[in-house]
Amino acid sequence: MNAVAIPIHALPSGGCSDAPVLRERGQHEVFCGLTGIIWLHRKIQDAFFLVVGSRTCAHLIQSAAGVMIFAEPRFATAIIDERDLAGLADANTELDRVVQQLLARRPEIKLLFLVGSCPSEVIKLDLARAAARLSTTFSPSVRVLNYSGSGIETTFTQGEDACLASMVPGLPASAPQAPAELLVVGALADVVEDQFLRLFRHMGVERVRFFPPRRASDMAPVGPNTHMLLAQPFLADTARALQARGATLLAAPFPLGVEGTTLWLQAAARAFGIAQAKFDAAVAPATQRATAALARARLALEGKSIFFFPDSQLEIPLARFLARELGMRLLEVGTPYLHRQNLAQELALLPEGTFLSEGQHVEKQLERCRAAQPDIVVCGLGLANPLESEGMTTKWAIELVFTPIQGFDQAADLAELFTRPLLRRMRLAA
Ligand code: SF4
């Protein structure tokens, strides 16, 4: 596989940093921000997500949750019915009643999110005001926050961004002169967090917090002593809100694959003045294991072509990993939004000449995809079946968000998410 030994002070430059991007507007095929509830409700274990929406919203959450075998009911939908549409006063009274019942039945809830939807936005139900009112009523045992998961002009991972951003104003301020602290921002599987925590400790970075926390009472303080490392590429609003509270964003690629994980950890090492030798010693065993495991996947993926439809906002880091560590050929890398600042390190690592597109005109993109005939297509559920029926091999983008894929020990699992559909297609064809 490709060498990934990168000197600690070297930040990537070049690649696709200034590459032209095809910007498209038109019909797009993505889930809405409500989908984020599926992984967020597992992460913050004493939080509850109350969607204020329609039966469609309830069905979406239920069917998305059906993808997960370990879904637990820490979310529900307060259905806006026709009566509510007729009179807003009713909708607010009804919402208060539903919340009252819920909190009486579920005393373990410490943080309640009122999650807005297309219907609640259409009827202009002011959930910020409702959250403030309910917070006053149920304080101090329960905090009530709100954010929008509406599908109008958004993509599904923005739900997490909106959720985390809604928590930032309530984070405690760090004490003046508090020692430097690392804040890892973005929901990660607990097992991945634990692995990172061990690596940070081996590196000598002791003061590490994660956001979102596992419990609502464990909110990290934030201030000028906070160095934040984004674990997910779709957290632009959250990052901005944390910067406004004084935190410093550490420039790094995302922790996908050996190279991405190494550079991500190195960004923390640099910020905390960790010596190169100590860093190398801390990451060497995990790097070697992951490199060996990836070598097997490379045999199956090297030279294979891949086409990304815009969906999860993970497309650019995934493309970088697949091209550089597994030798795949990138035909088109589509992303719903291109946050140049947060993705600067990733863009610099993409092979020169990579075709990038932002936004979507689904018909035009399907034409490009059919013409390119990729070996594998990464796309949303709505496109996967039609493309499979045309003989293409697909990977559901949403699976890449539900699965723990970050860090050294998950690098081979991530590669396997791409080898499996290719092998399945080969078996079908045999
Ligand atoms: S929030 Fe909007 S897009 Fe999402 S399920 Fe509800 S109606 Fe559909």
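Modeller: Buried means under 20% relative accessible area, exposed means over 50%, and partly exposed lies in between, with a 1.4 Å probe and protein chains only. The structure above is a predicted model, in which local features need pLDDT of at least 70 and side-chain atom pairs count only at pLDDT 80 or more, while totals for chains, interfaces and linings use all residues. Residues are numbered from 1 along each chain as its sequence is written, and side-chain values use heavy atoms, with hydrogens and water left out.

Colleague: Let me try that on one residue: is W39 buried or exposed?

Modeller: W39 counts as buried, because its relative accessibility is 8%. Its place is in helix α1, residues 37-43, where helices (H or I, at least four residues) and strands (E, at least two) are DSSP runs numbered from the N terminus.

Colleague: Which residues is W39 in contact with, leaving aside its neighbours within four places in sequence?

Modeller: Contact means heavy atoms within 4.5 Å, and on that basis W39 touches F156, T157, E160, A187, V401 and F402. Take A187 from that list: 148 residues separate it from W39 in sequence, yet their C-alpha atoms are 7.9 Å apart in space.

Colleague: Now to the sheets: what is the order of the strands in the open sheet of 4 strands?

Modeller: Strands of a sheet pair through backbone hydrogen bonds, either parallel or antiparallel; here two strands pair if DSSP finds at least two bridges between them. In this open sheet the order is β3-β2-β4-β5, and the pairing is parallel. Strands β3 (75-79) and β5 (143-148) form the edges, each pairing on one side only, and from one strand to the next the twist averages 25°.

Colleague: Which strands does helix α6 lie across?

Modeller: For such angles, axes are lines fitted to C-alpha atoms, for helices over the stretch in contact, and the values run from 0 to 180 degrees between N-to-C directions. Helix α6 (residues 127-138) lies across β2 (47-53), β4 and β5, and runs at about 170° to β5. Helix α7 (residues 158-167) also lies across β2, β4 and β5, with an angle of about 145° to β5.

Colleague: And which strands stand at the edges of the open sheet of 6 strands?

Modeller: That sheet has the order β1-β12-β11-β10-β13-β14, again with parallel pairing. Its edges are β1 and β14 (394-396), each with a single partner strand, so one side of each has no neighbour in the sheet. The twist averages 20° from one strand to the next. Strand β1 (residues 21-24) is joined to β12 (residues 356-359) by 4 bridges, with E24 facing its bridge partner G359, whereas β11 (residues 329-335) pairs with β12 over 3 bridges, and T335 has E358 in β12 as its partner.

Colleague: How many salt bridges does the structure hold?

Modeller: Side chains of opposite charge can pair when their charged atoms come close; the cut-off used is a side-chain nitrogen of Lys or Arg within 4 Å of a carboxyl oxygen of Asp or Glu. The structure holds 25 of them. One is between E193 and R214, at 3.1 Å from N to O, and this pair links helix α8 (residues 190-203), which holds E193, to the loop between β7 (208-211) and β8 (226-230), which holds R214, 21 residues apart. E193 counts as buried because its relative accessibility is 4%, and R214 counts as partly exposed because its value is 25%. R214 also forms a salt bridge with D194, the closest N and O atoms being 2.9 Å apart, and a network of salt bridges links K43, D190, E193, D194 and R214.

Colleague: Last, which residues are around the ligand?

Modeller: A residue is taken as near a molecule if one of its heavy atoms lies within 4 Å of it. Around the ligand these residues are C32, L34, C57, L60, S117, C118, P119 and G151, and the elements giving two or more of them are α2 (55-66) and α5 (118-122). The shell divides into 6 nonpolar residues, 2 polar and no charged, where Ala, Val, Leu, Ile, Met, Phe, Trp, Tyr, Cys and Pro count as nonpolar, Asp, Glu, Lys and Arg as charged, and the others, Gly among them, as polar.
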